[in-house]
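Subject: Handing over a structure

Dear colleague,

I am passing on to you the structure shown here, together with some notes on what was found in it. Please keep it open while you read.

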Amino acid sequence: PPASQNNEQGSTLRDLLTTTAGKLRLGSTDAGIAFAPVYSTGTASGKSGRSMPNILDDIIASVVENKIPPNRAPKINVKSEIKDEPKDDKKCIQDDCSKRYSDIQYSWICDKHVLWLRDHKNSNNWKLFKECWKQGRPVLVSGMHKKMNFSLWKAESISLDFGNQQADILNCKDSIISNTNVKEFWDGFEDVSKRQKVKNGETALLKLKDWPSGEDFKAMMPARYEDLLKSLPLPEYCSPEGKLNLASHLPGFFVRPDLGPRLCSAYGECVAATKDHDVGTTNLHIEVSDVVNILVYVGIAKGNGVLSKSGVLKKLEEEDLDDLLRKRLKDSSELPGALWHIYAGKDADKIREFLQKIAKEQGLEVLPEHDPIRDQSWYVNKKLRQRLFEEYGVKTCTVIQFLGDAIILPAGALHQV
């Protein structure tokens, strides 16, 4: 719009409509609309003059090139629409799904907040996924490793093929990043004696962050790239060629998000051994696009100071887990590898306010430009998660990711790992 106009623009169609409609309600005749508005002339009393446009009527009229009669009243009634919605949206969806998708193996976990698709081979999974995705809920798909060439993803295999590469490695305990040879990281993946030590003699908790990613991944690891692509869950949505993967079909003049893939690897069992689980390998943050995360390999480290598999299981059982997840933990054929805490995007402001409050309590400086979520400066431990629920009513969705699990998160969802 011209410089004289308010240049506030919506990033989505919904934002555009609400911001424009808001300006119209305020009486502005210069709303900076992205399309030519259609004005009605005349009023019910017969007086001539230009009336304010009804924003939705204008869109419809502009598209069909058929002017809406001036005496037609807007049919939007927000209160009545809200009143007519089902009181228990979750229950309504679940009841409906159980009837319509009886051929799909699925369960609801995390207080019915997360859909678990248990048969990755079912070609109808996308139909149920669509219903859940419309509600902005996370989805778990299990068994993806059964479609993959497991030997490609072993730590020793990656170290052998790419050990001479340089990459940034993050020490998750002190947030110090160093550029080093990736062989050092992979050699210590399952052998604690080969891991870096920090000044006080503790074993470093390392993360190889986003190496490689995007086009680098495809060029450096073509066999692994192809293996990943053929194994993606819900290919209608997740595959680059998927007919419902809108991001990959955007015209060239759009700035696309980084669609990856990227490899994220970390030492995890050290986290379970820390007091109060105060450290994570991925701090609380928001993704700007939908994301699918597949756990392709779980290593069991050996050596002094590392929890055994049974010790890790015991620590995980202390979490606030869904009954179905507890049952999976006891299944000897399942191998847990990552612990996720997920929050709905609508709770972002409450969580941000809570973390700023905790920072002040701890005597930390809270600058006006500081955003604890954007800065990824917090891993919310168990005590803080309890306070977040008690003081702000925000409940944590706790998910254990087992080998072969794909976790699909909608854009805007907060999570830590």
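The notes below go from the whole chain to particular elements and contacts.

This is a predicted model, in which local features need pLDDT of at least 70 and side-chain atom pairs count only at pLDDT 80 or more, while totals for chains, interfaces and linings use all residues. Residues are numbered from 1 along each chain as its sequence is written, and side-chain values use heavy atoms, with hydrogens and water left out.

The chain comes to 15 helices and 13 strands (DSSP runs numbered from the N terminus, helices being H or I of at least four residues and strands E of at least two). Of its 417 residues, 43% are buried, where buried means under 20% relative accessible area with a 1.4 Å probe and protein chains only.

Four strands form an open sheet in the order β5-β4-β6-β7, with antiparallel pairing; strands pair if DSSP finds at least two bridges between them. The edges are held by β5 (176-181) and β7 (265-266), each with a single partner strand, so one side of each has no neighbour in the sheet. Between β6 (residues 206-208) and β7 there are two bridges, and Leu 208 has Ser 265 in β7 as its bridge partner.

The structure also holds 14 aromatic pairs, counted for rings of Phe, Tyr and Trp (its six-membered ring) with centres within 6.5 Å, planes under 30 degrees apart being stacked, over 60 edge-to-face and the rest tilted. In the pair of Phe 162 and Trp 211, the ring centres are 6.3 Å apart and the planes stand at 75°, so the pair is edge-to-face. Phe 162 belongs to helix α6 (residues 155-162) and Trp 211 to the loop between β6 and α8 (214-220), so the pair ties together parts 49 residues apart in sequence. Both Phe 162 and Trp 211 are buried. Ring pairs also link Phe 150, Phe 185, Trp 186, Phe 189, Tyr 267 and Tyr 297 into a cluster.

In α6, the buried residues are Ala 155, Ser 157, Ile 158, Ser 159 and Phe 162, and these pack against α7 (182-187), α8 and α9 (222-230), contact meaning heavy atoms within 4.5 Å. Among contacts in the chain between residues at least 6 apart in sequence, 68% join residues at least 24 apart.

Key
Buried < 20%, exposed > 50% of the residue type's maximum accessible area, 1.4 Å probe, protein only.
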